[in-house]
Amino acid sequence: ADSVQTALASAATARGCTQEEMSELLDRLNELSELSAVNAVSRAEVIRILAQDRSISEIEAIAPELGKLSTMHASDIVRLAGDFDSLLHLAGLPATESPRIAAELHTTSAVAGLSLSDAVQAFVTLLGGAAEEAINRP
């Protein structure tokens, strides 16, 4: 619980909102089937990472797609959150494009035989970002 509260406090500070607003966001995400396989600490960390540059509504648009991808590809959702958000920013795409981009990543990964992480990094590189610079680590 402490890790969850710490992540939510950090997200609230980054977003300029209250920790209660972030807790309510986490409660809404907790109810999504797409995130059912993701533990509470990881969900809170995803919020913390996305809150650096995203509004609450944008986080709500992106998080379910991250949940689906991380579950289908057995990937670390926390690392994926930073990479995926960097990809959206580099492409100049809004959060509402998350479902399309997630589907493209899933297809590319499957067809090319790449890990999800490698597929994300390939897209980032194609868009002109340096892979290591695009990773948003805590």
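## Close-up views of an all-helix chain

Read along the sequence, the protein chain runs α-α-α-α-α-α-α-α. The model is predicted.

**Figure 1. Overall fold of the protein chain, with eight helices and zero strands.** The C-alpha trace spans about 40 × 30 × 25 Å along its principal axes. A compact globule of 138 residues would have a radius of gyration near 14 Å, and the protein chain agrees, with 14 Å. Buried residues make up 41% of the 138 residues. Of the contacts with a separation of 6 or more, 61% join residues 24 or more positions apart. The accessible surface comes to about 6600 Å². Carbon and sulfur atoms hold 51% of that surface.

**Figure 2. Helix α3 (residues 40-50) and its cover.** Nine of the eleven residues of α3 are buried, so the helix is largely enclosed by the rest of the structure. The buried set is Ser42, Arg43, Ala44, Glu45, Val46, Ile47, Arg48, Ile49 and Leu50. Their cover includes α1 (2-15), α2 (19-30), α4 (56-72) and α5 (77-91). Asn39 caps the N-terminal end of α3. A side-chain oxygen of Asn39 lies 3.1 Å from the backbone nitrogen of Val41.

**Figure 3. The largest nonpolar core, with 38 residues.** Met22, Ile47, Leu66, Phe84 and Leu105 have the most contacts inside this core. Helices α1, α2, α3, α4, α5, α6 (98-112) and α7 (116-126) each supply at least two of its residues. Helix α5 gives the most, with seven residues.

**Figure 4. Surroundings of Ile47.** Neighbours within four places in sequence are left aside here. Beyond them, Ile47 is in contact with Leu8, Ala11, Met22, Leu25, Leu26, Leu29 and Ile59. Ile47 is one of the buried residues of α3. Met22 joins Ile47 among the residues with the most contacts inside the largest nonpolar core.

**Figure 5. Ala9 and Arg48, 39 residues apart in sequence.** Their C-alpha atoms are 8.3 Å apart in space. Ala9 is found in helix α1. At 27% relative accessibility, Ala9 counts as partly exposed. Arg48 is among the buried residues of α3.

**Figure 6. The salt bridge between Arg28 and Glu60.** The structure holds seven salt bridges, and this view shows one of them. The closest N and O atoms of Arg28 and Glu60 are 2.7 Å apart. The pair links distant parts of the chain, with Arg28 in helix α2 and Glu60 in helix α4, 32 residues apart. Arg28 is partly exposed, with a relative accessible area of 35%. Glu60 is partly exposed too, at 28%.

**Figure 7. The salt-bridge network of Arg54, Glu58 and Asp85.** Within it, Glu58 forms a salt bridge with Arg54. Their closest N and O atoms are 3.4 Å apart. Arg54 is buried, with a relative accessible area of 3%. Glu58 is partly exposed, with 25%.

**Figure 8. The salt bridge between Asp83 and Arg79 in helix α5.** The closest N and O atoms are 3.5 Å apart. Asp83 and Arg79 are four residues apart in α5, so about one helical turn separates them. An α-helix has 3.6 residues a turn, so residues three or four places apart point the same way. Asp83 is buried, with a relative accessible area of 3%. Arg79 is partly exposed, with 31%.

Conventions:
Residues are numbered from 1 along each chain as its sequence is written. This is a predicted model: local features need pLDDT of at least 70, side-chain atom pairs count only at pLDDT 80 or more; totals for chains, interfaces and linings use all residues. Side-chain values use heavy atoms; hydrogens and water are left out. Buried means under 20% relative accessible area, exposed over 50%, partly exposed in between (1.4 Å probe, protein chains only). Contact means heavy atoms within 4.5 Å. A polar contact is a pair of N or O atoms within 3.5 Å; within protein, one must be able to donate a hydrogen and the other to accept it, and residues adjacent in sequence count only if both atoms are side-chain atoms. A nonpolar core is a set of buried Ala, Val, Leu, Ile, Met, Phe, Trp, Tyr and Cys residues joined through side-chain atoms within 4.5 Å. The radius of gyration is taken over C-alpha atoms; the globule rule is 2.2 Å times the number of residues to the power 0.38. Accessible areas come from the Shrake-Rupley method with a 1.4 Å probe; for residues, only the protein chains shown count as cover. A salt bridge is a side-chain nitrogen of Lys or Arg within 4 Å of a carboxyl oxygen of Asp or Glu.
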